[in-house]
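Good morning, everyone, and thank you for making time for this.

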Amino acid sequence: MSPQLANSPDVPVTSKWRQFVDDHATFAESALPLRRAGKLVRVSGIVLECVGLSLPLGSTCKIASSANDSVDAEVVGFEEDRLFLMAVSDINGLRPGASVFAVDPPSHRLIPGKYHHPWRRPEDHSRQLPIGEGLLGRVVGADGLPLDRRGALVRVEQRPIRSRPINPIEREPISEPLDTGVRAINGLLSVGKGQRVGLFAGSGVGKSVLLGMMAKYTDADVIVVALIGERGREVKEFIEEILGSSGLERACVVAAPADLPPLLRMQGASYATAISEYFRDQGKSVLLIMDSLTRYAMAQREIALAIGEPPATKGYPPSVFAKLPALVERAGMGADGKGSITAFYTVLAEGDDQQDPVADSARAILDGHIVLSRKMAEAGRYPAIDIEQSISRVMTSVVSEQHQLAARTLKALVSRLQRNHDLISVGAYVSGTDPLLDQAIQLRVPIDRYLQQSMSSRIGIAESTESLISLMAGVQL
């Protein structure tokens, strides 16, 4: 406050103090914020070690690599006074003793006119990325930056990508079927809104094509596609050839290909889930497709092993099996009837081994699993769904008893055919020995026709149910 204003007898005391506060608020707004800094002391593989900073897990920070450049990193562990950081960008150019700065979220910044407690600070140090209506029809990376060359994102706001789980008592039960547009799933593995389903498949069995069919034909308000740890070539192919322009209009694609650091691959999965949660909280029906959950687990394995966590099951540390349910449980029904997230997670069965530790863990925490068979794919039957090994755990809650009976009957016929395939092929089976097998042989061609579907055609749940019941009308178990 100027001396003339302070000594002037004509100015009221209240105005003097108001001017005094305004002057200091202007000064505080223009002053540079206080930045906490540490020092980089070691780089070992993908792990960076820092001293001089005390930050909680998940905090973001920047490492000065040159005068005008920096490396983004996140706290993934600590030991005594050392922080273990994982870079989310290229670490070339880092030098010993480089300064490490903590990045405070926007809520930490001083706002003029708002009271700030001198020692209490918000606890949310996690990364914040753009989330909002403007993501529909866009393709973004795991860092929230657009990849589709269509300009900057609009109608979005910065939000944390990690959220607290919903109280399970507050979740609405799954009671309404979801039309996926795929006849074999609608008829035999009916999915409910808010269900979490695993798609178990090896390489080259039509997994991406089936995901594209569900993305285009599923009756959902919003579709979120997360391509995690896949080949970069597949990103454009999935968007242009499988998803198509019509499917992209109501979809958001988050791409985190295999060449990104493991932290960014995990961040891409959390980001896609956070986007789904945003639309679910608006009361919308959301379809989340994540390809793949196995790559997410592999990224966590890389991080855990790098910071010294011992391997437990086939090279996977225990933290991997703690991260999987934490991610999956964020999907599902909303609280108090607020929308739903129906999630399909692909699980890669290496060498078609269904007992892989990640596949086994995912099968236990999901609400159903759809297994794609290499043998059926080689025989030219698409989608190559192995009906005998697949199951939907909520089907009994979303379809009628007549529908359940017809599905159970067709499964029994398919199972009988597969178990007696060799006998039938060599002509060793004598008609009349097994009445159920006789019916299965008689209906083998119509059953195969029912299970097959062109990727360019959509078959709704009503048509799928009617044709299933009609096909199984004369069969006696």
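Predicted model: local features only at pLDDT ≥ 70, side-chain atom pairs only at ≥ 80, totals over all residues.

Residues are numbered from 1 along each chain as its sequence is written, and side-chain values use heavy atoms, with hydrogens and water left out.

The secondary structure comes to 16 helices and 19 strands; here helices (H or I, at least four residues) and strands (E, at least two) are DSSP runs, numbered from the N terminus. Of the 477 residues in the chain, buried ones make up 50%, where buried means under 20% relative accessible area, exposed means over 50%, and partly exposed lies in between, with a 1.4 Å probe and protein chains only. As for contacts, which are heavy atoms within 4.5 Å, residues 24 or more positions apart account for 70% of those in the chain with a separation of 6 or more.

Let me turn to the strands. Strands of a sheet pair through backbone hydrogen bonds, either parallel or antiparallel, and two strands are said to pair here if DSSP finds at least two bridges between them. Six strands form a closed barrel that runs 1-2-5-4-3-6, with antiparallel pairing, and the twist averages 45° from one strand to the next. Within that order, strand 4 (residues 70–79) and strand 5 (residues 82–87) pair in the antiparallel sense over six bridges, and V75 has L85 in strand 5 as its bridge partner.

Strand 18 (residues 368–371) has its G368 and I370 pointing one way and its H369 and V371 the other way, and all are buried. Strand 18 pairs in the parallel sense with strand 12 (residues 196–201) over three bridges, with V371 of strand 18 as the bridge partner of F200.

For helix pairs, axes are lines fitted to C-alpha atoms, for helices over the stretch in contact, and angles run from 0 to 180 degrees between N-to-C directions. Angles under 35 degrees count as roughly parallel, over 145 as roughly antiparallel, 65 to 115 as roughly perpendicular and the rest as oblique.

How do helix 7 (residues 293–306) and helix 8 (residues 318–328) cross, and at roughly what angle? Their axes come within 9 Å and cross at roughly 135°, which makes helix 7 oblique to helix 8. The contact is made by L293, Y296, A297, Q300, R301 and A304 of helix 7 with S319, V320, K323, L324, L327 and V328 of helix 8.

The axes of helix 15 (residues 444–451) and helix 16 (residues 461–471) come within 11 Å and cross at roughly 170°, and helix 15 and helix 16 are therefore roughly antiparallel to each other. In this pair, P446, I447 and Y450 of helix 15 meet S464, S467, L468 and L471 of helix 16.

Finally, two single residues. Is S190 buried or exposed? S190 counts as buried, at 0% relative accessibility, and it lies in the loop between helix 3 (183–188) and strand 11 (191–192). Leaving aside neighbours within four places in sequence, S190 is in contact with I185, Q195, S392, M395, V398, V399 and H403.

A326, by comparison, has its place in helix 8 and counts as partly exposed at 48% relative accessibility. The C-alpha atoms of A326 and P165 are separated by 8.2 Å, although these residues are 161 residues apart along the chain.
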